[in-house]
Amino acid sequence: MKYYILFGPPGAGKGTHAGAIAHKFNLKHVSTGELLRAEIAAGTPLGLEAKKLIDAGSLVPDEVVEGMIENVFNAVKDVDGFLLDGFPRTIPQAEALDRIVAARGESVSGVISIMIPDEEIRKRIAHRAAIEGRADDASEATINHRIETYHAQTEPLIDFYRAKGKYNEVCGYPASIEEVRERVLALVDTL
Ligand code: ADP
């Protein structure tokens, strides 16, 4: 089984390219953001708790997303691997992922990172807010907090995976969606 991590700041285009990668390489696309939004929509206790944090631009607790990922790994069969989108987002999550895949006799296959500058993050999220109506996209304070959270808690993962020789980056800006898709698919071909 392959365990790929699709990495990048909010708005980098992870969700845009995940489908094409998952389709081409027969992977299950797992977006922790989407799973959390489904919990919110279903009004579960977990969803209610997560909503407050997400709307504020904060991360939900590590254990919550780690549990979700483990559930998906256990439930999904008939794929050649997983494409993790939005997970891990902290060093403890990355360490948990290592333990979870090790328990399955496997290891993380590689990180596919799409990089864009902060200014572009702001523009894209503002644009997406108009289209998707996500509460966490709507306020400038929330967007700023997400960018800060990314730099403080998620960016350290770059060195974490670089040290393991598993970090691979494509440039997500300036480039068209088609160009980025080609770069990402070509990269995964080499992993
Ligand atoms: P984006 O790509 O814009 O960051 P996501 O859909 O990936 O959006 O995530 C939306 C929100 O869901 C995050 O801001 C965070 O609050 C929460 N979330 C998603 N994944 C995780 C995770 N791995 N750990 C903690 N919180 C998460």
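Let me begin with helix 4 (residues 62-75), which lies across strand 1, strand 2 and strand 3 (81-85) and runs at about 160 degrees to strand 3. Contact here means heavy atoms within 4.5 Å. Axes are lines fitted to C-alpha atoms, for helices over the stretch in contact, and angles between N-to-C directions run from 0 to 180 degrees. Helices (H or I, at least four residues) and strands (E, at least two) are DSSP runs numbered from the N terminus.

The model is predicted, so to speak of its local features requires pLDDT of at least 70, and side-chain atom pairs count only at pLDDT 80 or more, while totals for chains, interfaces and linings use all residues. Residues are numbered from 1 along each chain as its sequence is written, and side-chain values use heavy atoms, with hydrogens and water left out.

Five strands form an open sheet with parallel pairing, in the order 2-3-1-4-5; two strands pair if DSSP finds at least two bridges between them. Strand 2 (27-31) and strand 5 (167-171) stand at the edges with a single partner strand each, so one side of each has no neighbour in the sheet. From one strand to the next, the twist averages 20 degrees. Strand 1 (residues 2-7) pairs with strand 4 (residues 110-115) in the parallel sense over four bridges, and Tyr4 stands opposite Gly110 in strand 4.

Next, the ligand. It is surrounded by 19 residues, the closest being Thr32, Ser58, Arg89, Arg128 and Arg146; a residue counts as near if one of its heavy atoms lies within 4 Å. For polar contacts, the criterion is a pair of N or O atoms within 3.5 Å. A polar backbone atom of Ser58 is 2.5 Å from an oxygen atom of the ligand. In the side chain of Arg128, an N or O atom is 2.7 Å from a ligand oxygen atom, and for a polar side-chain atom of Arg134 the distance to an oxygen atom of the ligand is 3.1 Å. The protein covers 96% of the 550 Å² of accessible area that the ligand has on its own, by the Shrake-Rupley method with a 1.4 Å probe.

The whole structure holds 13 salt bridges, each a side-chain nitrogen of Lys or Arg within 4 Å of a carboxyl oxygen of Asp or Glu. One of them joins Lys51 and Asp55, with the closest N and O atoms 2.5 Å apart. Because these residues are four apart in helix 3 (residues 45-55), about one helical turn separates Lys51 from Asp55.

Finally, the backbone. Phe87 and Pro88 are joined by a cis peptide bond with omega about -5 degrees, and Pro88 is in the loop between strand 3 and helix 5 (91-103). The bond from Tyr173 to Pro174 is cis, with omega near -5 degrees; Pro174 lies in the loop between strand 5 and helix 10 (177-190).

Conventions
Polar contact = N/O pair within 3.5 Å; in protein donor to acceptor, adjacent residues only side chain to side chain.
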